[in-house]
Amino acid sequence: MDEKYAVDIEHVVRIYKRDEFEVRALDDVTIRVPQARFVAIMGPSGSGKTTLLNLIAGIDHATSGKVSVGGEEITGMKERDLAAWRARHIGLVFQFYNLIPVLTAFENVELPLLLTPLTKTERREHVETALRIVGLADRMDHYPRQLSGGQEQRVAIARALVTDPTIVVADEPTGDLDAKSAEEILNLLTELNRQFRRTVVMVTHDPRAERFVDTVYRLDKGVLVGVEAGKIAPAHAAAATAQ
Amino acid sequence: MAIPLKYNVRSLLVRRVSTSMTAGGIALVVAVFVIVMAMVAGLGSAISDTGVPDNMIVLRKGATTETYSSIQLDQFDAMKFLPQIKRDTAGAPMISPELPVQVLMERPGGAQDNIVVRGVLPIALEVHDNVHLIAGRMFRPALNEVIVGKGLVGRYSNTHIGDTMHFGRGAWKVVGIFDAKGGSFESEVWADIHNVQDDTQRGAYYADVRLKLAPGADSDALVHRIADDPRINLQAETEAEYYKQQSVVANQMRVLGMIVAIIMGIGAIFAAMNTMYAAVSARTSEIGTLRALGFSPGAVLGSFLIESLILAVAAGIIGIIIAMPINGFSTTFGNFLTFSTMAFNFRVTFAIVVEALIFAAVMGLFGGWLPARQAMRLHVVEALRRS
């Protein structure tokens with residue numbers, strides 16, 4: 001295993017059992033994502049994109065094969081250890097934001113920090129910084145129902161980055177947004193990747209995403225069918241080159 | 001660190017209707033529990049508070065209550081100068097022969113109850129030093145005068161000072177009201193023992209004898225002397241022991257109350273369980289999110305258990321508040337051991353409040369356990385799919 005890879009997946013197979021049937025969601029997939037890259041996993045519905053993302057995020061187990069993230073193999077970890085590992089290393093962004101509706105934006109972003117040894121004051125500083133980065137410093141006390149979809153997703157991104165995770169995984173982060181908001185979210189993820197050098201792995205159907213990412217991994221029927229360079233927009237490419 | 005408490009509190013407040021319904025159910029169960037326990041505490045207290053620590057009661061051998069006892073005058077005479085009996089300032093032994101009889105007394109509404117009329121001598125007020133006149137004066141011998149326990153005043157007809165009561169063969173003038181510090185004497189009428197003997201035509205005997213122990217007296221020696229002296233041949237025990245046995249009535253009520261409370265509690269547990277299952281079902285994706293963020297299965301279990309606990313304890317507090325007005329409420333109880341009616345006050349004690357809260361918490365824990373376990377066992381990926 002090589003620590004220069006943020007994600008190192010070797011010959012992973014994931015089989016689900018549905019009643020008496022077995023569904024082979026991933027079939028011998030091997031992917032290596034270098035550090036500080038912004039990559040997209042794309043493919044048609046049922047191709048195994050989200051399954052692969054779940055394995056990287058440590059919320060699902062491979063039937064066989066090895067999954068290493070941030071230089072740490074997580075394949076054999078027990079659920080309790082895996083939960084603690086997720087809290088330290090993974091920032092999650094979901095299609096439907098998955099904010100807790102009874103908590104304010106501040107409290108939602110603070111949630112993962114409750115699993116760290118930070119003091120209340122330190123947590124407040126981290127949360128305020130994260131919300132400032134996503135441009136919602138003035139919406140801290142708003143509940144999710146008081147925010148637009150784009151703003152909710154920004155809060156979710158703030159929650160994902162507040163712990164300074166090894167890797168940010170995003171499952172269809174633009175899937176529930178209008179074009180303008182989707183563009184803003186993709187820009188934000190790009191900024192996260194470029195400015196803070198966080199590895200971002202994103203599952204998406206959105207063809208616009210190709211303009212923002214370094215690499216596109218294409219899956220079909222659980223099999224990796226292609227690895228392509230992204231079509232980074234000129235502004236982003238310039239920023240990447242400057243780094 | 002655990003999932004923050006505000007998550008649970010606010011989630012409960014969001015589901016106002018189901019939370020209120022469940023809380024209402026638990027609150028009513030707790031209220032019933034408090035009321036039953038307050039009744040038992042009041043009854044038990046009324047019985048046990050009747051006794052005085054340094055008093056003894058003497059009964060016929062084998063008698064379990066005054067009702068089944070009789071003592072002849074020569075037995076009384078043989079025991080009244082025993083050295084273990086305290087003397088008053090005049091040197092007279094503090095020993096009180098007594099003859100309680102049951103009479104029917106009428107309530108203002110027309111219903112009738114058995115009430116104890118206790119024939120005593122004036123020394124009784126010295127022996128029963130928890131009994132005090134609070135109005136009027138002591139009865140005078142041979143004049144068919146009575147003093148009335150304050151638990152009867154107003155509850156039965158003609159129980160005020162100056163009234164004339166009619167029971168037995170005669171008319172009895174009320175000349176005083178007495179207090180017995182909540183004890184069962186407050187549900188009695190006291191009259192001159194010789195008047196009572198004449199009126200009931202029972203002859204010259206007593207039912208029992210109360211005596212006050214001299215300071216430092218060996219009560220065991222006195223018990224043996226009273227039992228073994230062939231002139232006396234009676235059984236003696238402390239009033240504390242005697243009334244402890246009498247409080248079996250309260251204990252039986254307590255068991256009955258507990259059974260009712262437990263059956264109702266089981267119903268409330270199912271209500272809480274239903275609410276918490278609904279909560280878990282409605283918040284599956286939130287559970288998945290919390291787990292995905294790194295909260296352990298144990299944290300999820302704890303969070304939902306605490307939520308159920310908050311619901312139940314809050315409902316318990318409401319139930320206690322609902323039941324509180326019963327505190328001090330006065331009622332009567334037909335004691336099947338003495339065949340008489342006893343007035344007592346409901347007592348909501350601190351212990352009952354604590355027990356009620358524990359009872360509510362237990363309902364919350366049992367009601368929340370299975371739903372919380374289901375929440376804990378949710379597979380993260382499956383839970384997130386419910387988004």
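Is the crossing of helix 2 of chain B and helix 11 of chain B left-handed or right-handed? It is right-handed, meaning that the near helix is turned clockwise from the far one by less than a right angle. This is a predicted model, where local features need pLDDT of at least 70 and side-chain atom pairs count only at pLDDT 80 or more, while totals for chains, interfaces and linings use all residues. Residues are numbered from 1 along each chain as its sequence is written, chains are lettered from A in the order in which they are written, and side-chain values use heavy atoms, with hydrogens and water left out.

Helix 2 of chain B covers residues 16-48 and helix 11 of chain B residues 350-377 (helices being DSSP runs, H or I, of at least four residues, numbered from the N terminus). Their axes come within 10 Å and cross at roughly 145 degrees (lines fitted to C-alpha atoms over the stretch in contact, with angles from 0 to 180 degrees between N-to-C directions). Among the residues that meet here are B:Phe33 and B:Met37 from helix 2 of chain B, and B:Phe359 and B:Met363 from helix 11 of chain B (contact being heavy atoms within 4.5 Å).

Now for the two chains together. The contact takes 28 residues from chain A and 26 residues from chain B. Chain A and chain B bury about 2,300 Å² between them, 64% of it on carbon and sulfur atoms (accessible area, 1.4 Å probe, lost on being put together and summed over both). Three salt bridges turn up across this interface (a side-chain nitrogen of Lys or Arg within 4 Å of a carboxyl oxygen of Asp or Glu). A:Glu107 and B:Lys6 join their side chains in a salt bridge, 3.4 Å from N to O.

Methods: Buried area is the accessible area (1.4 Å probe) that two parts lose on being put together, summed over both. Helices (H or I, at least four residues) and strands (E, at least two) are DSSP runs, numbered from the N terminus.
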